[in-house]
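Good morning, everyone, and thank you for making time for this. Please have a look at the sequence and the structure, and then I will walk through a few places in it.

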Amino acid sequence: MDRGGSMLVENPIASDVLLRAESLSKSFGTVPVLFSVSFDLKAGEVHALIGENGAGKSTLMKIMSGFHSPTSGRIFYNGEAVTLPPNGQAEALGIVLIHQELNLAEQMTVTENIFLGREIAKNGILDKSAMHKRVVQILDSVGLDISPDTRISQLSIAEKQMVEIAKAMSRNARVLIMDEPTAVLTEAETRILFTQVDRLRKQGVAIMFVSHKLHEVSEISDRVTILRDGQWIATRPTKGLALDEMARMMVGRELSDLYPPIAETDIDADVALRVDGLSTQNIHNVSFELRSGEILGFSGLVGSGRTEVFEAICGLVPMRNGSITTFGQSGRFATVAQARNAGIVYLTKDRKGKGLLLQEGMQTNLTLLALPQFAKRLMLNKKQEEAALARAVRRFDIRARDPNVLAKDMSGGNQQKLLLAKVMEANPKIVIIDEPTRGIDVGTKQQIYHFIAALAAEGVSIVVISSEMPEVIGISHRVIVMRDGQIAGTLTGDAINETQIVRYAAGLNEEKMHA
Amino acid sequence: MPDTAQTQPASNKPKIDLKMYGPAIALALLCILGFSLNTAFLSEGNITNLLTRSAFIGIIAVGATFVITAGGIDLSVGSMAAAIAGVMIILMNSLIDVLGTGTLTVVIGATSAIILGALAGLANGLLTTKGKIEAFIVTLGTMGIFRSLVTYFADGGTLSLSFEIRGTYRPVYYESILGVPIPVWVFIMVAISGWFLMNRTTFGRYCTAIGSNEHVAQYSAINVNKIKTWTYVIQGLCVALATVIYVPRLGSASSSTGVLWELEAIAAVIIGGTVLKGGYGRIGGTILGALILTTIGNILNFTDLVSNYLNGTMQGLIIIVAVWLQRADWGGKSKT
């Protein structure tokens, strides 16, 4: 399928186009992630970039801000072909990328951060009052009501984000690229952000805006570009573009292709896991049941507490209240080891930070969770470990150049398969998978869904926590939607659809209210 | 240089894994250098001497390898050795009146040293894990405490082992079994058990995992605090063992006993290829690192080329060069 960006390129280039990418392609190693994508950004517009996870949005964004260099294709800035300098040095040209994980020095003040690397100084001595004055102006102009002397660590995430924007503005940014800025914001904070974005747009800043939340895209952007599987699909004015149409172009395929047939659940199956009145610092009174062989989806916005419920169950987060019953045996787990021994494993969404030892090979990673099984009185049985790896590579179709490859050199999809293989080594009866397909390609996604379905068919109980609605809908027998640390609703059968989930997640449907 | 030709690898795989073989190559080069400067360098007497002197730092460094691999650091080992030596001497001296000057007194002295070492390590470990204080700070604190304790016990002077008991204890340092001095035997035993523990047990794997990424370790059902605490206990045991064979050498302890041992131990670990920030530990490398450090001093003793007072300079240079060689990207290009 090559319906690449030729249409766009042939367009007469409007004089107000500030930053333009022409036929960008990018491969990481042998894995291509972008195929000849074109994108242009005008002064004074908000141009949204949407697409499913793994569609290539981040890559495009990073190329356009110089963090990655394209494998082929060109970038024009102010009408001139440029090679953007790496590592954020494009900021000097006025192109600023605001990362999702913000880039602020936590222990320094707002002023110090805003002037970091270009402090106002006279003969090497900092002119603090001049910087203070300037920061007061900037904060005022972005409508942020905080003291310039506040330490970043004392700010909320939304405020930190505003500081990032203030920092960008103080550098006379002409192009602002924002990676899912609203993902971690509350509704009220999003409103403030949008007011700022609108203000910047009126000042003539060109804004590239990546988001998964389509109604926000529809609200704030002037144009929308859709990517799918690394390919350019369309660029349209936002006005007149329906949300359904956006979603259709993003997905672009029948969902049934992607998801395996899921066997009916046995309503009389044993209850594998029962949670009653679970509370932690951020979770309030969560209760649910999980039956053998059931796939239970957990949906809700980021920050609604989905992950924390299961981290609490597995002894990773302290529980305040509540009881847990596994296969009729009640008992809280103080450590992951206890949970593992009771047959519950948790597969983290943070593959690189909490899942795999990146500097180690596949074998060390594979057996780590279940290592006691591979040892007799502390002594490791290396043969047994090797055999386990050979088995896992076959069973989960892990593709590695050589068996000694380090985890960090594997593709996201193979890392995820390895992680799945790792938790399965513990022979669990209950598997909790957090964001099973985050950042992996469609082919591997499909494989992972099939693994999940096959495990369920074998009688393993599975919880799928996911921010991708099609995924939750496509694979779950039942879906629990969380909101603000509570269960907002439970969906079964035909009620499992995007509208219902969104209504519960956004608080439009309230099944029950808790104080 | 007398070594040319030989190790030019053939075209196919020109990549020498410096991380792996660097320390061994360095030691070999040093030995060749030593021998070319003075043939007596490779005499049996000198080799024995060299190994015996390496034993103290080597044994302590094996413990340090575990601590560092699991992402910690222990600065207190030198002071700990001095404090243990002090207590041990006081204890044995006072036991002479009760138990006489026999082996029993020495055995009790040595046993109490081992217990003290384990307890001191346990204290370091619990303060870092349960107390949630950085290892650097905890062990900097205990370093000061242990050091001042030995000064206090010795009343600012020197604690000496009674002459009556020295005769009984002396062989532990000076005697040989099968031509190999006892300290070297201890060193070998510690090295072998350390290697086994690091490379063949769940404990070693867990140390690596924790040093590599504590979050991953925690999510992989590893009891991070317990394993980390154990690394400090092992370190304490190693320090105690080194002290037990060190005390009969001079028969005394003072505030200057074991000064800078912590740095030598850490240097041996780093020269051996273990990564200072954790996650990659090599016992074999540590042994070689300890040998390299002692060899440098030994070579300087043999030659007038460089003043013996510059021993520290040479050791410092070797540490920096060793780490530089390990970090540099040697992929593809072969070195000349």
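Predicted model: local features only at pLDDT ≥ 70, side-chain atom pairs only at ≥ 80, totals over all residues.

**A covered helix, a helix pair and an interface**

I begin with helix H12 of chain B, residues 261–271, which is mostly covered, since 10 of its 11 residues are buried, buried meaning that 20 or more other C-beta atoms, placed from the backbone, lie within 10 Å of the residue's own. Among the buried residues of H12(B) are Trp261(B), Glu262(B), Glu264(B) and Ile271(B), and just after this helix Gly273(B) takes a positive phi of about 105°.

Residues are numbered from 1 along each chain as its sequence is written, and chains are lettered from A in the order in which they are written.

Staying in chain B, the axes of helix H4, residues 103–129, and helix H5, residues 135–153, come within 9 Å and cross at roughly 145°, with axes fitted to C-alpha atoms over the stretch in contact and angles running from 0 to 180 degrees between N-to-C directions. Where they meet, Ala123(B), Asn124(B), Leu127(B) and Thr128(B) of H4(B) face Ala135(B), Val138(B), Thr139(B) and Thr142(B) of H5(B), and these residues divide into 4 nonpolar, 4 polar and no charged.

Finally, between the chains, 22 residues of chain A are in contact with 16 residues of chain B, contact meaning C-beta atoms within 7 Å.

Key:
Contact = placed C-beta atoms within 7 Å. Helix = DSSP H or I, 4+ residues; strand = E, 2+ residues; numbered from the N terminus. Nonpolar A, V, L, I, M, F, W, Y, C, P; charged D, E, K, R; others polar. Buried ≥ 20, exposed ≤ 12 C-beta atoms within 10 Å, placed from the backbone.
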